[in-house]
Amino acid sequence: SSSNSNSSSTTSSFVVVCEVQVPAWLPANATHVSLAGLRLQALPPGLLGAALSQLVWLDLSDNRLDLTRPAAMAALSNLTQLRSLGLAGNQIAAVSADAFATMPRLQVLSLARNKLAALDSAVLLAFPALTQLSLAANLLPPTAAALNLSAVPSLQTLYLSSNALLTVLPPEWLVGLPNLAALYLDGTSLSALPLPALTPLLLQQQQQQQ
């Protein structure tokens, strides 16, 4: 593992990158931690404890985390300042509705490069401040029931790129997202601009500008 510290007059960050194995402990002043690519099947007990009160960024990408178990990510509830969580590339096919404890400050969540065919809206209730969500490169089908984002009305940016099964964009997916400003659909199988889905969004933005 390796670490480095960067400081300025206004902010101070301490970055920890673990490249070979899971460390026995993490420094209490860590602000950014990467545990990517370590083949983790579960979060190490005690590693992400309440002592990490300054942690704002956590990358758990390219592991083998199982999110089908209730409270699978309960250890993250100690990280009350966490703003960004990366779970890309974990071969996740399903997420338990109560896999996460509430993370009131989380703004960025990546579930890209997994095998999700649906995402339970109850999962997103844990992230009331979420502004950016990536579901890119998953297996989302073009059905209304596959995705419900109404639990995160604060969402501003949504990545649906590289969902090869997405031939149409169900209008229901974008219901209840008054703040959505950016939607990425590159690499999907859409044959035309999904106007039925985008019309409510465009009307919302027009009304806000008036």
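**Entry 1: the tyrosines**

I began with tyrosine 159, which at 24% relative accessibility counts as partly exposed, in what is a predicted model. I then looked up tyrosine 184 and noted that, at 35% relative accessibility, this residue also counts as partly exposed.

**Entry 2: aromatic pairs**

I searched the whole structure for aromatic pairs and found two. I noted for phenylalanine 100 and phenylalanine 127 an edge-to-face arrangement, with 5.1 Å centre to centre and 70° between the planes. I placed phenylalanine 100 in the loop between strand S5 (84-86) and strand S6 (108-110), and phenylalanine 127 in the loop between helix H1 (121-124) and strand S7 (132-134), so this pair ties together parts that are 27 residues apart in sequence. I checked burial as well, and both phenylalanine 100 and phenylalanine 127 are buried.

I recorded the pair of tyrosine 159 and tyrosine 184 as stacked, at 4.4 Å centre to centre and with 10° between the planes. I traced tyrosine 159 to strand S8 (residues 157-159) and tyrosine 184 to strand S9 (residues 182-184), so that the pair links distant parts of the chain, 25 residues apart.

**Entry 3: serine 161**

Leaving aside residues up to four places away in sequence, I listed its contacts as Ala136, Ala137, Tyr184, Leu185, Asp186 and Thr188. Tyr184 in that list is also a member of the stacked pair.

Methods. Residues numbered from 1 in each chain as written. Predicted model: local features only at pLDDT ≥ 70, side-chain atom pairs only at ≥ 80, totals over all residues. Heavy atoms only, no water. Phe/Tyr/Trp six-rings, centres within 6.5 Å; stacked < 30°, edge-to-face > 60°. Helix = DSSP H or I, 4+ residues; strand = E, 2+ residues; numbered from the N terminus. Buried < 20%, exposed > 50% of the residue type's maximum accessible area, 1.4 Å probe, protein only. Contact = heavy atoms within 4.5 Å.
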